[in-house]
Amino acid sequence: MSAPVVTVDRLKVRRSFTPGYRPGGTRSRPLDEGEEFINFADGIRLIGDGVTPPASLPAYPLRAGIDDVPGLREVADAAEGAVQQASNLADLADKATARSNIGLGKRAFSVTRSQIATSPLSALTDRFTIGGWNSFGDGSCGDYVRDPSNGSGPMAIQDGLGVWWMLDVLPTIMPLGAFGPIGTADDTDTINRAFATVSPYVYSSDAGFMNRSGKSGAVLFPNRPIFFKRKILLSPNLRIVMQSLQNDWSALAVVRLQELTPAQLLKIGSCLVYTGGGGDFYCIDTAPYNNQGQRVLDALVTADDVNLGRIRPVDGVQFEQFSLLGNYKCKGVNLAACNDVFMGNPYIYGFPVSCRMSAVYNGLLLRPRFYTNWRALIAWMSVTSLTIVDPKFRGTLEPEYPDITAPVYTGGDASLPPIDSWWTAQSRLLTCAVYAIYSNLSFVSPTWENFDCAVTAHNSKINAAAIYVEKINGRNIAGGDIIVERGYDQQHSRYEFKTITNNPNAGMLRLKDAVVEAKYLSDNYSTIDGSRPYKRLISDLQTSSQEFLPRIEGLTFTPDDTYNSGSVVRVDCRRRSGSWTPVLKFGSASAGTQTGSGTWTMRGDEVVVTGQLTVTNKSSATGTPTIDGLPFIIAAGADCEFHNVIGFFDGANLPSPVIRGVNGAYALNFASGLTHTAFPTTYVILKFSLSYRTTDAQYL
């Protein structure tokens with residue numbers, strides 16, 4: 001429309017014939033709310049709001065002889081609105097008639113459904129409308145689109161060239177091609193025009209206004225790549241729907257899209273491809289309005305920014321079957337102040353940051369696939385109730401394809417936390433799957449692989465279940481760490497691992513005053529190449545209180561750990577059991593002829609062992625007697641073994657039934673001073689039991 005929706009005080013109309021002049025200078029007061037200013041030399045008019053400086057007010061084109069005549073502009077606007085309303089009603093009537101069962105109306109149809117099988121429809125665009133079944137008017141009309149599943153779509157039918165088509169069950173979706181040319185080297189303008197048309201983002205000076213225009217719509221992207229070189233702006237309640245349900249992402253598809261033939265491009269499916277220049281910006285952006293009526297690009301937003309009216313939200317954006325490819329020259333999607341966001345099957349490849357969120361309340365990411373050379377997901381400030389289901393976040397510490405090597409990212413992001421001596425090594429160059437600052441995130445069945453660390457969190461709460469983590473290897477930090485967390489504000493994270501594999505140099509936890517629970521609930525660690533699932537349980541632990549000790553279940557220290565069992569709170573509750581074979585030795589030699597058997601049970605790091613030995617010929621072995629072959633190593637420390645006793649012995653002269661474990665070994669000692677002379681040459685029976693703590697990683 002040519003006029004804004006605002007009441008203008010016709011008693012306050014200021015005029016000027018000076019080119020470039022605006023009110024608000026040293027000799028002129030600002031415009032009051034509703035006051036109008038007309039510059040005849042520039043052909044523009046301004047309407048004051050009492051807040052915005054005149055130089056920043058939007059300039060509307062002046063309709064000579066209408067806008068400068070008191071009262072005439074209101075009449076012209078009313079007439080224009082009536083014409084538009086009549087046009088809308090006529091269009092609705094046309095659509096209703098065209099879609100009726102009798103098939104009559106003003107819409108022209110070129111094909112019936114029965115004619116599809118003999119028609120070369122693939123020569124058309126990606127959509128057409130039928131006018132009936134066997135003849136025009138004998139059935140409901142409908143829009144048909146290409147069927148990416150080749151015959152499995154609704155009401156699928158094959159045309160004369162063998163191309164499959166299906167009924168479009170989302171008739172409210174507008175095709176991207178309706179808003180301008182597509183298929184060029186840069187379709188940015190067409191995309192932005194489509195988004196702004198189907199779901200306008202309206203600014204209001206009213207801070208309480210939720211900035212939803214009352215209109216929402218969807219844009220359908222055709223079954224082909226769409227290239228763009230400049231920033232795409234999102235709007236509230238917008239649905240982005242990509243036509244294909246499955247993409248063929250080969251190395252050729254990722255790096256050489258512009259070299260493919262039209263037939264090859266059709267097989268790629270719907271996707272947005274950024275081919276523009278580089279910089280520290282996001283190529284797809286919510287860009288929320290600030291309270292001066294300006295869209296803030298690449299914004300980082302807090303909940304207070306929204307609640308106090310400093311930022312107008314861009315809520316309700318939906319991405320369906322969304323695919324975005326980049327060239328590692330800029331960042332991916334920035335969702336600032338985007339409550340109720342939904343991403344269905346998003347595939348984002350080729351950006352240092354795949355997706356960044358800030359001031360997002362309530363959202364769902366369903367099966368996201370993010371491939372990045374720095375960070376897959378950044379959640380910064382007030383990201384709350386965000387659920388991510390079945391995500392696969394993969395870094396580029398190793399090439400995804402043999403002929404593709406992503407550049408090492410050496411930049412940064414405004415979301416980085418304050419730097420201190422502990423955080424410095426972790427913050428700027430660190431690659432990670434999830435980077436959370438003052439956020440609350442829930443993950444279901446996540447896969448995190450090929451990063452310096454899986455999660456880096458600062459004063460955040462992460463709930464993750466059924467985690468698969470692999471190839472956490474430090475490129476930018478030595479060894480890498482799977483979980484890095486600091487700060488207890490709004491924080492109590494829980495990690496439940498399903499598979500921990502192939503992280504031979506990585507630590508499991510690096511924590512500073514963080515409340516963290518870490519669980520591993522499978523029976524065995526899973527490894528691909530026989531390497532360690534992780535190198536150490538704790539890389540670094542700094543706590544100012546006992547409440548910050550990590551709570552551990554199903555995980556254990558390794559020989560490379562420098563921390564001990566006093567550094568964690570064990571909450572293990574599962575019971576395991578098995579058998580073992582004890583061996584009686586004198587010195588380093590086994591007794592000559594013997595048989596042994598035993599059982600063990602374990603709960604957490606506590607082991608209970610029973611055993612029986614029968615020696616029928618001691619032979620000539622001499623030295624200090626020991627029982628060797630314990631199933632798990634005894635932890636070092638005075639309190640790591642207890643209640644160890646020989647319950648029955650026959651044939652041996654034992655002054656005491658007490659036996660003691662050897663700390664850091666798989667053996668038991670008898671009473672002090674005992675030698676081989678206490679055992680006869682033939683026939684000795686020993687029955688014993690003991691319990692102790694272990695740090696043996698193999699018990700998992």
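**Entry 1**

I began at Phe342, which stands opposite Leu364 in β21. The model I am reading is a predicted one. I then asked how β19 and strand β21, residues 361–366, pair. I found the parallel sense, with four bridges between β19 and β21.

**Entry 2. The four-stranded sheet**

I next looked up an open sheet of four strands and wrote down its order as β1-β2-β3-β4. The pairing within this sheet is mixed. Which strands stand at the edges? I identified β1 (13–16) and β4 (60–61). Each has a single partner strand, so one side of each is left without a neighbour in the sheet. For β4, I checked the pairing with strand β3, residues 44–47, and found it antiparallel over two bridges. I also listed Pro61 in β4 as the bridge partner of Ile44.

**Entry 3. Cysteines**

I searched for disulfides and found zero in the structure. Cys355 is in no disulfide, and I noted that its nearest cysteine sulfur, that of Cys338, is 9.1 Å away. Is Cys355 buried or exposed? I recorded Cys355 as buried, with a relative accessible area of 0%.

I then turned to Cys453, whose closest cysteine sulfur is in Cys432.

**Entry 4. The protein as a whole**

I counted six helices and 44 strands in the secondary structure of the protein. Of the 700 residues, 50% are buried. The protein exposes about 29900 Å², and I noted that carbon and sulfur atoms supply 53% of that area. I lastly considered contacts between residues at least 6 apart in sequence: 59% of them join residues at least 24 apart.

How values were computed: Residues numbered from 1 in each chain as written. Predicted model: local features only at pLDDT ≥ 70, side-chain atom pairs only at ≥ 80, totals over all residues. Heavy atoms only, no water. Buried < 20%, exposed > 50% of the residue type's maximum accessible area, 1.4 Å probe, protein only. Contact = heavy atoms within 4.5 Å. Areas by Shrake-Rupley, 256 points an atom, 1.4 Å probe, with all protein chains shown as cover. Pairing = 2+ DSSP bridges. Disulfide = S-S within 2.5 Å.
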